[in-house]
Amino acid sequence: MRDVAILGVGQTRFGELWDRSFREIGIEAGFQALVDAKLSSGDLGALYLGNMASGSLIAQEHIAPLILDYAGLAGHHLGGIRIEGGGASGALALHEGWLAVASGAHDFVVVGGAEKLTDVPDTEANRVASGTADHEWEVVFGATLPALWAMIARRHMHDFGTTREQLARVAVHAHEMGSKNPNAHYRNKISLEAVLGATPVAEPLGMLDCAPFSDGAAAVVLGPLDRARKFTDTPVRLLASQVACDTMAVHHRREMTTLDSTVVAAKRAFAQARRAPADVRVAEIHDAYTISGLIALEDLGFVEKGESGRAFESGAFGPTGKLTVNTSGGLKAQGRPFGAVGVAQVVEIVRQLRGEAGDRQVGGAELGLAHDVGGTGATSVVHLMERVN
Amino acid sequence: MSVARFWRETPRRYNLGGCRCPTCETVYFPPRGVCPVCAKHRQSIGRMEPYQLSGEGEVVTFTIVHDAAEGFEMQVPYALAIVRTVEGPQLTGSVVDIDPSEVSIGLRVRATFRKLREEGAAGVIHYGYKFAPMDERHRPPKRPGRSERVPSAAGAPVAATSGP
C-alpha cells in the first residue's frame, strides 16, 4: 500500500438551501476540491460519493453518474460509485477512495458526500433517518434515533453520574465554534439554560441536544503522497482509514454506553498510524446528539470510560484545551446533511492542519482525527491525518 | 409497510418466539440463523432451536419520547425502554400501564400484547409486545373500558371512552 495525500478540499454552505438542488451542491463541492488541488478533470480515475438516502429524500437513485454528468464529465466515462452507511456514508466513501489510491488502482480520485434533506418535511426526514436503526425490532416498537441515543444517555447518567448540564455543554460548545464558521448551518451562540429549557424530544434529550437536518455537500481530492508536491504546497497525509461495524440494534450491544465499533476503529487507526490519542490536537467527533459527542471522547481513547461529562465541563476539549473538538461547529452547529458529514469533517481537519481555518484556527495542529457514526453505532469510521512538513 | 412484511414476523411479535443455540445454549430474540457467540458458530447454521421467552424482565434503560416514531403520534409522551428478559435477550419496547415519570432503571416488567400502531385511518393495524410493570402498585387506577358503563354526574348511564 502506498501513502495517500489529500490534495484539495471543497464544501458548500450547510443549512436549508431551498434555492439549490442536490446536483448543484454536489457539483459545487467537487469543483471547489478540484480547483483547490489544481488538478484537471482529465487526471481523475473515479468518483466515490457518500449519500444516505437520496431515493427516499429526492426520489433519485443512481446519483454518482448524475453528479459526473452535470459536472461535465460524462464524456470522460469515469467510474462513479455511490456508498451508503447511514450517517457514516461520507466517511465510508473516503475509506473507499483511500483504498483505491493506496492500492494503486487509481492515482487521483474525488471523494464526495452530499445530502438534500429539506426537500421533504421534517417528519419524513425523521422517518428516513430512523431507517439507520433496526426497523423491524426498534422502530416498529416506537424507537426513533433520538430515543435510542436518549436511552444510551440515561444509562450513562445512571452508571457514571453524568449530569444533564454536562450533556448540554456539548451543544453550547458546538454553537460557540459554529459561530466562527461561515459554512455552518447555525452561527448563533446558545446558552446552557437554552439547551436545558428546550422542548423535550426524548428525555433526557431536548431539541438543542440534537443536530438539525441540513442540506450540504463536501468533497476532497486524493492522490499518491509522492506526487502531491506537483499539485499543492500543503499536502495532508491520510495516515489511517478504518471502518468497524457492530450490532444494528442498541439492545443487542455488549454494553449500553460504549460503541464497540468506535473503540475498534480507533484502535486500528492509531495502530495503523503509529500514533496515540494524546498526539491528536484537533478532532471532529460525531455529536449528532450531545450524548454521542461525550461517549465518542471515551470510545476514541481521549478520556477514561465514564469521565467524558466531567472532562468536557472542565473545558478540556474547548479552544484552549490540549485537544480541541469540533472546530467546525460539529454536526450540531455546522449541520447534519447525513452523507456529507464524514467528508466535511475531513475538510475541516485539513483546513486546521494547513492553518487555513480563520477565526477558529487552533495552534500547533499537526495531527487530526475525524470520527463518523452511522445510526446508533452499527458503523463507525475513524480517519487520522497529519500535516506534511 | 406491506401486510406481508409485518405478518411474517407474527410469531415473534405476538408470542415472543425466540431461539436457542444447541451448542452453547445462548437464547436469542428475535431468532437468528447463526449463533454469534459460539466458538463453533457455523455448526449452528440450520440447527438453532425454537425457544419461548416468558416475557419477564427488567428495564435496563429508558426514555420518555415526545417526538414520536411514525404511527405513535397519538401515544406521546410514551415511555420506551430496553428490557433485559430473564432468559437473557434484550428487547426494545414501550412501557405501559404506568405513568411514564415512574419508569426507572431496574423496574420489573412483563410483556403484554397490545396495539403498536396503525397505518393511517384505513391501513393495517400492527400488534405486538409492550411491557407493563409486574408490581401492581405502579399501575394507575383502571379506567373504565368501552364496554363498561359508568354513571354520569346526573345519574344516567353513559359510555366512557377507553384509554389508549
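Predicted model: local features only at pLDDT ≥ 70, side-chain atom pairs only at ≥ 80, totals over all residues.

Me: Why are α7(A) and α10(A) called roughly perpendicular?

Reply: Helices here are DSSP runs of H or I with at least four residues, strands are runs of E with at least two, and both are numbered from the N terminus. Helix α7 (residues 164-178) of chain A and helix α10 (residues 290-299) of chain A pack at about 95 degrees, with axes 8 Å apart. The axes are lines fitted to C-alpha atoms over the stretch in contact, and angles run from 0 to 180 degrees between N-to-C directions. Under 35 degrees counts as roughly parallel, over 145 as roughly antiparallel, 65 to 115 as roughly perpendicular and the rest as oblique. The pair is therefore roughly perpendicular.

Me: Which residues of α7(A) and α10(A) meet, and what are they like?

Reply: L167(A), A168(A), V170(A) and A171(A) meet T290(A), I291(A), G293(A) and L294(A). Contact means C-beta atoms, placed from the backbone, within 7 Å.

Me: What makes β3 and β10 of chain A edge strands?

Reply: Two strands pair if DSSP finds at least two bridges between them. The open sheet of 10 strands has the order β3-β2-β4-β7-β1-β8-β12-β11-β9-β10 (chain A), with mixed pairing. β3 (79-83) and β10 (324-325) each have a single partner strand, so one side of each is left without a neighbour in the sheet.

Me: How do you know that β2 and β4 of chain A pair?

Reply: Five bridges join β2 (residues 46-50) to β4 (residues 109-115) in chain A, against a requirement of at least two. The two strands run parallel, and L49(A) has G112(A) as its bridge partner.

Me: What makes β12(A) mostly covered?

Reply: A buried residue has 20 or more other C-beta atoms within 10 Å of its own; 12 or fewer makes it exposed, and in between is partly exposed. Eight of the nine residues of β12(A) are buried. β12(A) pairs with β8(A) in the antiparallel sense over nine bridges, and S241(A) stands opposite H383(A). β12(A) also pairs antiparallel with β11(A), over eight bridges, with G374(A) opposite T379(A). β11(A) and β12(A) form a hairpin with four residues between them, and G375(A) in the turn has a positive phi of about 60 degrees.

Me: How is chain A divided into domains?

Reply: Bounds come from an automatic or database domain assignment, which gives domain 1 (4-121 + 214-234) and domain 2 (131-211 + 237-387) of chain A. Their centres, taken over C-alpha atoms, are 23 Å apart. Domain 1 of chain A gives 38 residues to the contact and domain 2 of chain A gives 35.

Me: And what does chain B contain?

Reply: Chain B has two helices and 10 strands, in the pattern α-α-β-β-β-β-β-β-β-β-β-β. Of its 164 residues, 29% count as buried.

Definitions and conventions. Residues numbered from 1 in each chain as written. Chains lettered and ligands numbered in written order. Contact = placed C-beta atoms within 7 Å.
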